[in-house]
Amino acid sequence: MTVERFEEHRDLLTGVAYRILGTVADAEDVVQEAWLRWSGADTAAVENDRAYLIRVTTRLAVDRLRRAKARRESHVGEWLPEPVGTDPAGTVPDVAERVELTNSVELALLVVLETLSPLERAVFVLREAFGLPYAEIGGAVGRTEATVRQLARRARKHVEERRPRFDVDRMSRRRITERFIGACVDGDLDGLIAMLSDDVTLVADGGGRAKAPLRALIGTGKVARFLTAIATEAGARRFAESLGVAAPEGYAVEFTDVNGAPAAVVTAGARPISVFSLVVLDGLVRTVYLVADPEKLTRLASPA
């Protein structure tokens, strides 16, 4: 019975931990540790399993994020969250709830959440993504309700000021993503530049394991030249070889939902080697997120 009571909430706990931590591996470790604590507790005395498990998971995730902050600061190049596959059909029965949950794992949002303190991030996630009451959040993070309200207000203001705006619907974003990748593959430099905003930024995370710019590229010229260079046969070969993949003829591009939004997943020999996620504003690409760290692509099919 103890196992069944925990498993009933596992997906929820993984969702909470992932949004707080930004990586599936860390989220899975946290949920496993939560299970160990649950299995060793007097569960007969627990009145609300969901609230209890969220509290344990949140505190473990906040502690882990505090330790991870130092590692991420010494990360080779830019650090981006680990992408996860999300099915827009989903398993959440309520459409409005499903949209809210997928929006809360958008790559662009998770990048902004990295700028919050671990405590602010936990409060924001529990309130904005899961709609928990302030009193319950206070129990989860060990703060008074008044303090939680202040943290939530500060975190929300911070996120709203930095969160990218999207002014196109899902289908338009997918079409723009397809055109964008097509221009890269075709080496159509002029066509690609026409799709980019003047202040376009490319943020790439190779983790020191894949060839990627160590700093963000800014401007249409730099971004377009980099993208068309890695999309040529020779460039693609060098890129794949840096990941231990030597057969460019096995390349494929899949347009699918990643972190709740249209994205392009590039594979070589059926192995994901990069993910492109775009921020689109006024019909132009404002930001390109490129995740190429192989360690962050092994769980791409994991649910969020």
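Guide: A crossing is called left-handed if the near helix is turned anticlockwise from the far one by less than a right angle, and right-handed if clockwise. Before we use that, note that this is a predicted model, where local features need pLDDT of at least 70, side-chain atom pairs count only at pLDDT 80 or more, and totals for chains, interfaces and linings use all residues. Residues are numbered from 1 along each chain as its sequence is written, and side-chain values use heavy atoms, leaving out hydrogens and water.

Visitor: Glad to start there! How many helices and strands does the protein chain have?

Guide: Helices (H or I, at least four residues) and strands (E, at least two) are DSSP runs, numbered from the N terminus. The protein chain has 13 helices and six strands.

Visitor: At what angle do the axes of H10 and H12 cross?

Guide: Two packed helices are described by the angle between their axes and the distance between the axes. Axes are lines fitted to C-alpha atoms, for helices over the stretch in contact, and angles run from 0 to 180 degrees between N-to-C directions. Here H10 (residues 170-186) and H12 (residues 220-231) have axes that come within 7 Å and cross at roughly 65°. Angles under 35 degrees count as roughly parallel, over 145 as roughly antiparallel, 65 to 115 as roughly perpendicular and the rest as oblique. H10 and H12 are therefore roughly perpendicular to each other, and H10 passes H12 in a right-handed crossing.

Visitor: Which residues make the contact?

Guide: With contact meaning heavy atoms within 4.5 Å, H10 contributes Phe 180, Ala 183, Cys 184 and Val 185, while H12 contributes Leu 227, Thr 228 and Ala 231.

Visitor: Where does Asp 188 lie?

Guide: Asp 188 is in the loop between H10 and helix H11 (189-195). In sequence, Asp 188 and Ala 224 are 36 residues apart, yet in space they are 9.2 Å apart, C-alpha to C-alpha. The side chain of Asp 188 reaches the backbone nitrogen of Gly 191 at 2.8 Å.

Technical notes: Polar contact = N/O pair within 3.5 Å; in protein donor to acceptor, adjacent residues only side chain to side chain.
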